Amino acid sequence: MLHLKLETDPRWATIAEENLEEILTDHAWCEQKAATNAITIIANNSQYEDLVTDLLELAKEELEHFQMVHDIIKKRGYKLGRERKDSYVNELYKFMNKGGSRLKSMVDRLLFSAMIEARSCERFKPLSERIKDKELSKFYHELMISEAGHYTIFITFARKYGKDIDVDKRWQELVEFEGKVIKSYGKSESIHG
């Protein structure tokens, strides 16, 4: 379904499991950023009522995920560390069109968001299948399903409102770009790292 160029090396799940406090902190901040991203898209494109409605729900769900991860952190006696920079996301951001029409910018932002959700979904699969911690295995399986839904929302809106843009071509360009970027990642205990 996701059609990403490169799958995560399953050994990444072992790296993540060796430092659960770090992976959980990074994950918590990823959820917070996802909520903020949805709100930013709403703020910049409030004329699209259906987009606003659906992204408000998505933002609430991302905040719920943030709270769920934070609750796990607290329950295990860990501390929510400081926010982490996400180098992977920053690399993807370089691909986005910064100029042009508002519509082109919106479509690129939606595709950028779809890609991040797709990669997160893909990363949660090896975590859910390989991590020995049963609670976290189940948690990441459920989040994998949720992230797939978020990916679908973003890509659907890009196609709906990008009628005068070759959205599928732009998506394929992003898939190719992300395939090159992700080769540098998968070696650290962060969701995209």
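View 1. The model is predicted: local features need pLDDT of at least 70, side-chain atom pairs count only at pLDDT 80 or more, and totals for chains, interfaces and linings use all residues. Residues are numbered from 1 along each chain as its sequence is written, and side-chain values use heavy atoms, with hydrogens and water left out. L143 sits in helix α6. Helices (H or I, at least four residues) and strands (E, at least two) are DSSP runs, numbered from the N terminus. Which residues does L143 touch, not counting those up to four places away in sequence? They are H27, E31, H65 and F124. Contact means heavy atoms within 4.5 Å. V175 lies 32 residues from L143 in sequence. In space the two are 22 Å apart, C-alpha to C-alpha.

**View 2. The whole chain, for orientation.** From the N terminus on, its elements run α-α-α-α-α-α-α. The radius of gyration is 16 Å, close to the 16 Å that the globule rule gives for 193 residues, so the chain is as compact as a globular protein of that length. This radius is taken over C-alpha atoms, and the globule rule is 2.2 Å times the number of residues to the power 0.38. Along the principal axes, the C-alpha atoms fill a box of roughly 50 × 30 × 25 Å. Of the 193 residues, 50% are buried. Among contacts with a separation of 6 or more, 82% join residues 24 or more positions apart.

View 3. Helix α6 covers residues 134–161 and holds L136. L136 is buried, at a relative accessible area of 0%. Leaving aside neighbours within four places in sequence, L136 is in contact with L20, L24, I72, R76 and I131. A59 is 77 residues from L136 in sequence and 22 Å away in space, C-alpha to C-alpha. S146 also has its place in helix α6. Is S146 buried or exposed? At 13% relative accessibility, S146 counts as buried. S146 touches E61 and H65, not counting residues up to four places away in sequence. H65 is also among the residues that L143 touches.

View 4. Helix α5 spans residues 102–130, which makes 29 residues. How far does α5 reach from its first C-alpha to its last? The reach is 43 Å, close to the 42 Å expected at 1.5 Å a residue. The expected span of a helix is 1.5 Å times one less than its number of residues. Why is α5 described as largely enclosed by the rest of the structure? Because 21 of its 29 residues are buried.

**View 5. Helix α7 and its packing partners.** Helix α7 has 15 residues. Its first and last C-alpha atoms are 21 Å apart, close to the 21 Å expected at 1.5 Å a residue. Its buried residues are V167, R170, W171, L174, V175, E178, G179 and V181. What do the buried residues of α7 pack against? They pack against α4 (87–93), α5 and α6.

**View 6. S188, in the segment after α7.** The segment after α7 (167–181) contains S188. S188 is partly exposed, with a relative accessible area of 27%. Along the chain, S188 and I15 are 173 residues apart. Their C-alpha atoms are separated by 6.5 Å. Apart from neighbours within four places in sequence, S188 is in contact with W12, I15 and G193.

**View 7. E22 in helix α2.** Helix α2 (residues 20–44) holds E22. E22 counts as partly exposed, at 23% relative accessibility. E22 touches R84 and E189, not counting residues up to four places away in sequence. S188 is 166 residues from E22 along the chain, yet their C-alpha atoms are separated by 9.7 Å.

Methods
Buried < 20%, exposed > 50% of the residue type's maximum accessible area, 1.4 Å probe, protein only.
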